[in-house]
Amino acid sequence: MAHLHFSLEEFAARRAKVLAAMAQANLDGLLMFKQESMYYLSGYDTDGFVLFQTLFLGSDGRFTLVTRSADRVQAAYTSIIDDVRIWVDSGDQNPSRDVREMLESRRMHGKKIGVEYDAYGFSAKRGQKLAEALDGFANLVDASDLVRHVRLVKSPAELAYFRKAGELCQAACNEAARLTRPGAFEGDIRAAMHAAIWSGDGDTPAHVWPMGSGPSALLVRYHAGARRIGAEDQMFHEFAAAYRHYHAALTLTILTGKIDPEHQEMFEVCRDALEAVKEMLRPGRTVGDLFEAHRRSFVGGGHGDHLLNVCGYTMGAVYPRTWMEDPLIRKGDPQPLEPGMVFFMHMLMVNRERGLMMSVGETAIVTDRACEAITHAPRSLICNT
């Protein structure tokens with residue numbers, strides 16, 4: 001019996017949506033290389049995507065997985081897939097040949113097959129070998145975004161997992177606020193935040209948390225090596241909790257010692273920008289409208305020079321290396337907002353001239369009316385002594 005996180009009816013509804021999208025694109029089949037797509041459609045849950053594997057969905061609705069022997073039990077335990085083909089590791093392995101044999105057995109000769117080329121585990125070299133193996137056999141077309149577009153609007157069952165992820169994220173935030181103090185070691189803070197998530201039955205997040213204090217706070221990216229927080233310091237926190245791989249994120253900056261007036265002004269502009277973006281997060285608007293609300297707030301607050309080109313992105317059930325998904329919240333993006341979409345909105349401000357940074361950000365669900373925040377950043381600047 002598979003260990004499933006969703007009902008068979010839920011999986012059937014998802015498959016029907018993807019099959020409809022395939023029919024609209026005149027596809028006879030789809031070769032999926034994104035682990036997110038495999039998990040969404042079948043429950044298949046593995047980190048084996050770092051090596052070659054693919055899940056094929058034919059227009060008849062049948063799945064066939066081509067993977068390594070190490071993932072045979074994984075597929076049986078986590079998914080509804082019952083047709084698993086194994087490619088054998090060897091010195092001259094070329095699993096693309098196994099894919100061709102599978103497609104031959106599925107009578108795909110001469111058919112139009114979509115391929116998820118834009119996948120972390122599907123390198124350019126692997127793509128080249130697949131093209132060589134299927135040359136003259138089938139018509140391959142790029143279908144990297146087909147399942148992604150279907151996944152943008154979440155079901156009620158998925159939204160329940162987002163809300164649980166938000167609760168875990170909030171527990172991690174409480175640890176950050178409690179422990180970010182002068183003399184504290186960054187590694188101890190990170191450990192306590194992760195413990196709050198894991199003890200709540202959360203998953204390892206898909207992205208290494210960006211976090212740093214002092215000069216490294218301005219990086220807004222992860223870097224190796226931790227330090228102790230100074231008596232008058234700033235610590236940037238951006239983190240996400242995952243529950244059944246569904247992510248909710250939050251960002252904030254915590255000060256120690258005393259509040260620099262510039263820091264206070266930066267915080268207020270970021271906080272107001274977040275409220276403006278959340279007000280725009282509703283049906284009838286676009287992702288580009290979200291960015292414009294962010295831009296207007298920064299410019300109106302006198303910090304147009306500190307504007308970044310992206311202020312968030314959609315969230316979902318994703319795998320390493322990142323929890324970020326398209327569409328990113330950027331200028332002019334035409335993606336319409338619909339109820340059931342989920343976005344992380346991060347207001348990041350970096351003043352490199354003065355060495356100051358600020359961040360305020362939350363995750364929210366698009367509803368029929370005002371958005372539903374599932375993580376909550378502080379509305380006043382935290383400064384610990």
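Which residues does M347 touch, not counting residues up to four places away in sequence? The close-ups below take that one up, along with a few other spots in this predicted model.

**View 1. M347 and its neighbours in the largest nonpolar core.** Leaving aside residues up to four places away in sequence, M347 touches C270, A273, L274, V277, H294, F298, C311, M358, S359 and V360. The core around it has 75 residues, and M347 sits with F239 and L281 among those with the most contacts inside it. Helix α7 (residues 156-179) is the top contributor to this core, giving nine residues.

**View 2. Another core, apart from the largest one.** This one counts 20 residues, including V18, L30, Y44 and A75.

**View 3. Helices α1 and α2 where they cross.** Here α1 (residues 8-24) meets α2 (residues 35-42), with axes that come within 7 Å and cross at roughly 125 degrees. The two helices are therefore oblique to each other. On the α1 side, F11, R14, R15 and V18 make the contact, while α2 brings in Y39, Y40, L41 and S42. Sort the residues of this contact by type and you get five nonpolar, two charged and one polar.

View 4. Is A317 buried or exposed? With a relative accessible area of 4%, A317 is buried, because the cut-off for that is under 20%. Its contacts, not counting residues up to four places away in sequence, are E36, Y39, R151, H245 and Y246. Q35 lies 282 residues from A317 along the chain, yet their C-alpha atoms are separated by 9.6 Å.

Notes
Residues are numbered from 1 along each chain as its sequence is written. This is a predicted model: local features need pLDDT of at least 70, side-chain atom pairs count only at pLDDT 80 or more; totals for chains, interfaces and linings use all residues. Side-chain values use heavy atoms; hydrogens and water are left out. Axes are lines fitted to C-alpha atoms, for helices over the stretch in contact, and angles run from 0 to 180 degrees between N-to-C directions. Helices (H or I, at least four residues) and strands (E, at least two) are DSSP runs, numbered from the N terminus. Angles under 35 degrees count as roughly parallel, over 145 as roughly antiparallel, 65 to 115 as roughly perpendicular and the rest as oblique. Contact means heavy atoms within 4.5 Å. Ala, Val, Leu, Ile, Met, Phe, Trp, Tyr, Cys and Pro count as nonpolar, Asp, Glu, Lys and Arg as charged, and the others, Gly among them, as polar. A nonpolar core is a set of buried Ala, Val, Leu, Ile, Met, Phe, Trp, Tyr and Cys residues joined through side-chain atoms within 4.5 Å. Buried means under 20% relative accessible area, exposed over 50%, partly exposed in between (1.4 Å probe, protein chains only).
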